[in-house]
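Here are a few notes to keep beside you as you look through this structure for the first time. Take the points in order.

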Amino acid sequence: MIPARANRIQLAVVMLLLVTLHFYVRPRLWGPRVSPDFLMVGLMLFAMRSGPGASAVAGFLVGLAADSLTPARFGAGALAHTVVAYVASWARAVFFADNLLVNAAFVAVGVWLRDFLVLLVSGSGDRPVLTELAVYSPLQALSSALFALVVLLAFREWFSIRLDA
Amino acid sequence: MGSASERSYTRRDTVLFLVCLGLSLFGVFSPASWGQSLSAGLRETVLWPLVWLQVRAEEGKTSRVRLRAITAQRDSASYLVQGLPSLLAENDRLRQLLSLSRRLRTRYVAAEVLHQSQATDGRTLLLSAGSREGVSAFDPVVAPEGLVGVVLNVAERSSIVMTWAHPEFRVSAFTVTGNAAGVVAPSAAGEGGLEFRGVPYRDSVPVGALVLSSGLGGVYPKGIPVGSVTGVVREQAGWERVYRLQPAANPGSAGHVLVLLAPGGDLGRAFPSDSALEAQRLDSLERLRVADSVAQAARDARARRADSIAVIRRDTTRVPPRRIVRPDTAGAARPSTVAPSKPAPSTPPAPAPPAPVPGPPGAAPGDTAR
């Protein structure tokens, strides 16, 4: 059994890696609107192994950072990330099985739901919301899920997640 | 039923969630200026490392794109530079052709030479002009430098030219000085040049003499440069000399030519020789020199005139020093200029007035020498 301190360090390393990928690698990718949301992947992975309260706080902080770095309506990102992280933590504990593809789909649904809440609270027009939710958000959710799959396969021991691949 | 710790854990999660939710809603419904100032504060402090990281990433991406653009520009510039000499040469050649077309008094058709990648390309040329443009067989083909050949075969949109390199090419020619006539044909030795054959033994042609078409035979008009003499090839039995010619025009490098449609007359003025061009150039230089000398003479004359005027003004405005003359000597010295011509009075002679002293205007009243 891995000690709790080492577990936290491993988790911090993975999160640091994801943050670096999000802010240093993601701008260089070919499609910023459909490329993986590394922060959201990290938040979902954190929510899958943490309690709802901690997930809500983490979601709030991630959302606050997103609100500060994007010109959307302030607070919308914080609200969306908080809700998604809290629900993900509860849902992971109650509904989802320890299956690799189910966990990846779990990340995809979280990304899409986050986008939906952000657009809803931001008060964008109907057509941009529909386009975003029907085209770009699913593509970004898919790419994020694929990347989450890779992370889960690579760091399954560190996350202490039992996966039935 | 969960334990007390589990219930407190659940309650704590709920409280945290509600607190975060409340803060988020507060951020959503708070004034925009609050959110903006808070965002700016976070960007400048906590999130600064992340912003810095993103800036570096954007710079890297932009640098990559700029590098691609600069590389493309460099490649384009290199390509242009590579093609520039050939473009300049073609431009120069087209200008020469245009100049020739202005000097020509006969009808002509400009045609493009469609070179083929064959070893015999220099012997026959394919032109882009045919019977539709009025080209017919045996029309002479010229380049700015001189004779290229004659049209051998004509189709509707193209024609074949037999150049001077063809073994069957012949043209009646004479030297530009008119002292020797003969027939120009390709070199029998296959050296790639021309031979000036049939020149009488008594007629000596100096090296460098220009050979023109003579107009005999009715195919080639008179006065088209064919080549210039570079030496003697052989002498036959003491009655004929064969000279080697440097061809005037090079069919292998010709890109555009003129097909003369109604050849006739003397085209010598359309092809000024190098000596004529040199003479024109020297004449221009002489005219320039004469004009310069005239202008210099005019400048010298103006300068001398200005000096003279300055000297005169200086003499008339300067007061020279007064010369002191004794009255008795003055009268003796200049009696005719001062004394009146009337007879002297009977009264004893009075002392003569003071001698007149030449002086400028405005001088003392006694100065009457003027």
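1. Two residues count as in contact if their C-beta atoms, placed from the backbone, lie within 7 Å. Within chain A, of the contacts between residues at least 6 apart in sequence, 68% join residues at least 24 apart.

2. Please keep in mind that this is a predicted model, where local features need pLDDT of at least 70, side-chain atom pairs count only at pLDDT 80 or more, and totals for chains, interfaces and linings use all residues. Residues are numbered from 1 along each chain as its sequence is written, while chains are lettered from A and ligands numbered from 1 in the order in which they are written.

3. Chain A has 7 helices and 0 strands (DSSP runs numbered from the N terminus: helices are H or I, at least four residues; strands are E, at least two). Of the 165 residues in chain A, 41% are buried (20 or more other C-beta atoms within 10 Å of a residue's own, with C-beta atoms placed from the backbone).

4. Strands β4 (residues 146-154) and β5 (residues 159-163) of chain B are joined by 5 bridges; N153(B) has I160(B) in β5(B) as its bridge partner.

Note on methods. Pairing = 2+ DSSP bridges. Buried ≥ 20, exposed ≤ 12 C-beta atoms within 10 Å, placed from the backbone.
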